[in-house]
Amino acid sequence: MQLGADHVRVRVPATSANLGPGFDSLGLALALYDEVEVRLVASSDVVVEVVGEGAGDVPLGEDHLVVRALRRTMELAGAVPTGIHMTCHNVIPHGRGLGSSSAAVVAGIVAARALLADPRAVDAATVLALATEFEGHPDNAAPAIQGGATVAWTTDDGPHAVGLDVDPTIEATVLVPDARLATSRARAALPERVSHGDAAFTAGRAALLVEALARRPELLFDATEDRLHQPYRAAVLGASSELLRALRDEGVPATVSGAGPTVLVLAGPGHRARRDAVLADLVDETAGWRRISPGIDMTGARARRISGHPGALSSGSSGATERHVVPGSPAVRGGSMQ
């Protein structure tokens, strides 16, 4: 596959998975973005600069997650680049349950797609499959790719996702602690089996959540209740579990974001006064929490091509001007490319 550009910029949103009862299936894109700039260069160099979250912690070469995802996608398309100069401006907190690894994977895939002469060579199903290959499940990848709320599932044919309607009056707030929690540790806290009663309860709440998100935000409190994973993670969540309990005791629709430890609040108009009253007492930076109200992202990952001769590799100079927009989120809504 011929290259269509040698310089692209990509923006990918944070995501919150599960949303309470939708374990490993429901996800929501948040308007909190990592931005990545990629140049292909006529050398074998791989140079990665990280600014913001993860600086000093993540690899700066071939092992960087964005580079790995980009390489995998280019390989699949038959257009393997040589050198890469990449700058990551990271805002999404790492190790907090806000989809930072999914954002990195999706950034690499979407960047590779934008570099190709024909981005359609990597179609919607392939983008989601590649992201799931890295992540293990599609619940964060789907909203990162297409934005909004999504429900994802896997069959013998691979992962699938569809978008869900979101009432525009719903506000998303994330409460981010200083402490991190590895997803592997959070998953290790889960039992191999749960009772039929708890499974049935949670399935009902997940179904209700689809309606609450779309049309009935007053139902968000009941719809975000879970018995499948959050109770079992309480011990490893620590202060986040206590905050979650305090919010729900006051009728605020709060859940653990992904594997945690961030707490997500989804508030309709009827929940905001209670949310603000509880958070005013419990959450501030001196207590080790950040309160972020990012809004809900409805567009998903986006890539912008920067000028360059199709098929040519850059010398690494930055004197280019933007000239062509490439859709970065080949959404799986109705099977069409967006």
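Author: Let us begin with Leu19, which sits in the loop between strand S1 (7-17) and strand S2 (26-41). Please keep in mind that this is a predicted model.

Reader: What is the phi of Leu19?
Author: Phi is positive there, about 55°, although Leu19 is not a glycine.

Reader: And is Leu19 buried or exposed?
Author: Leu19 counts as buried, because its relative accessibility is 1% and the cut-off for buried is under 20%.

Reader: Where is Asp24, then?
Author: Asp24 is also placed in the loop between S1 and S2. Its phi is near 60°, a positive value in a residue other than glycine.

Reader: Which residues does Asp139 touch, apart from its neighbours in sequence?
Author: Leaving aside neighbours within four places in sequence, Asp139 is in contact with Ala17, Asn18, Asp24, Ser25, Leu26, Gly27, Thr150 and Ala152. Asp139 itself is found in the loop between helix H3 (124-135) and helix H4 (141-146).

Reader: Which side chain of opposite charge is nearest to Asp139?
Author: That is Arg187, at 5.1 Å. Asp139 is buried yet has no salt bridge, because a salt bridge requires the nitrogen and the carboxyl oxygen to be within 4 Å.

Reader: With which side chain does Asp139 make a polar contact?
Author: The side chain of Asp139 makes a polar contact with that of His137, at 2.6 Å.

Reader: A change of topic, please. How much space lies in the largest pocket?
Author: The largest pocket holds about 760 Å³ of space. Its lining consists of 43 residues, and those closest to the centre are Gly95, Gly99, Ser100, Ser101 and Ser102.

Reader: Which elements give two or more residues to that lining?
Author: They are S2, helix H1 (65-77), strand S4 (83-90), helix H2 (100-115), H3 and helix H5 (183-188).

Reader: Which of them gives the most?
Author: H2 does, with 6 residues in the lining of the largest pocket.

Reader: One last point: is the peptide bond from Gly260 to Pro261 cis or trans?
Author: That bond is cis, with omega near 5°. Pro261 lies in the loop between strand S8 (254-256) and strand S9 (263-267).

Technical notes:
Residues are numbered from 1 along each chain as its sequence is written. This is a predicted model: local features need pLDDT of at least 70, side-chain atom pairs count only at pLDDT 80 or more; totals for chains, interfaces and linings use all residues. Side-chain values use heavy atoms; hydrogens and water are left out. Helices (H or I, at least four residues) and strands (E, at least two) are DSSP runs, numbered from the N terminus. Buried means under 20% relative accessible area, exposed over 50%, partly exposed in between (1.4 Å probe, protein chains only). Lys and Arg count as positive and Asp and Glu as negative; His and the chain ends are not counted. A polar contact is a pair of N or O atoms within 3.5 Å; within protein, one must be able to donate a hydrogen and the other to accept it, and residues adjacent in sequence count only if both atoms are side-chain atoms. Contact means heavy atoms within 4.5 Å. On a 1 Å grid over the protein atoms alone, a cavity is a set of points where a 1.4 Å probe fits but cannot get out, and a pocket is an open set with protein on both sides within 12 Å along at least five of seven lines; lining residues have an atom within 4 Å of a point. Grid points are joined across faces, edges and corners, and a volume is the space filled by probe spheres set on the points.
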